[in-house]
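Thanks for passing this one along.

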Amino acid sequence: KVPQSPTFLKTRTAHEVLETLNWAQVTSDFVIVTLAAGMGKTMACRHYCATRPHAYLATVSPHTKNVHAMLIELAAELNVQEHNPARLTRAIGKKLERIGGGTLLIIDEAQNLVDDAINQLRHFVDIYGCGVALVGNDEVYGRFASKSEGRSYAQLRRRIGKRLNRRQPLRQDLEAFIDAWGVTDPVAVKTLIGMGLKGGALGQIDKTLKLAAMLAMANDEPINARHVETAWKNRDVEDIA
Ligand SMILES: Nc1ncnc2c1ncn2[C@@H]1O[C@H](COP(=O)(O)OP(=O)(O)OP(=O)(O)O)[C@@H](O)[C@H]1O
Ligand SMILES: [Mg+2]
């Protein structure tokens, strides 16, 4: 038996992500969500798309960072069948065109995108009236701040309607997550919070607790500080966390 991670929790941070995505969808705006690793970006985006109509999530990678590769990825995600590259942008745009309470395109791991690809997304917002959310680590926003020169940056910058940025996880989020895992031993809780604050946030705690929960199950005990310590040592990620 493998221990189960908690299902989606509406932590404070998750709530703020959902609100920001909703803003983008309802007002057809361009928003940026940058949170440190493991703080729950992907999970909140998936939850949003699973619970709202006309919201789509695409994840870009180093392999799909260019305009064309990104469009192919979007076409697949949006179920757009268009094999003529010249008509691809329009076909995707039509699918994203604002309807009812708005449409939303969320791009996860957006730090991978090249500038031209981001400009292409701006075009969707301008022409088709959809909302776009760029989600990723703070490199996503860094490019707007650091490369202050250039007309295209000015065009992009003025379209950013809202930004949610957090580099450090909130203690209350970590506590809620640990509580959902059913850990009550105060020493274990304290150790786990320390791990989450060091980097990797909920993701780091989750990986440790999966292993700790296995150890606890094997001994037919509730998760305690010893299981957590052993799991952490066993994972051997201290120096890279
Ligand atoms: N709202 C939540 N409710 C329950 N669990 C969560 C929540 N957010 C995050 N988690 C847990 O933390 C893990 C990491 O979350 P997630 O993958 O969403 O982080 P991320 O911010 O996208 O990280 P990365 O920057 O590495 O992509 C998840 O696998 C899940 O176990
Ligand atoms: Mg993610």
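1. A word on the basis. This is a predicted model in which local features need pLDDT of at least 70 and side-chain atom pairs count only at pLDDT 80 or more, while totals for chains, interfaces and linings use all residues. Residues are numbered from 1 along each chain as its sequence is written, chains are lettered from A and ligands numbered from 1 in the order in which they are written, and side-chain values use heavy atoms, with hydrogens and water left out.

2. Overall make-up. The chain holds 11 helices and 5 strands (DSSP runs numbered from the N terminus: H or I of at least four residues for helices, E of at least two for strands). Its C-alpha trace spans about 60 × 40 × 30 Å along the principal axes.

3. Of the 241 residues, 46% count as buried (under 20% relative accessible area; exposed is over 50%, partly exposed in between, with a 1.4 Å probe and protein chains only). Among contacts (heavy atoms within 4.5 Å) with a separation of 6 or more, 72% come from residues 24 or more positions apart.

4. Helix α2. Within residues 41-51, the buried positions are Lys41, Ala44, Cys45, Tyr48 and Cys49. Seen down the axis of α2, they fall within an arc of 130°, so they line one face of the helix (the arc is that of directions from the helix axis to the C-beta atoms). Arg46 and Ala50, on the other side of α2, are exposed.

5. Neighbours of that face. The buried residues of α2 pack against helix α1 (12-27) and against strands β1 (30-35), β2 (55-59), β3 (104-108) and β4 (131-136).
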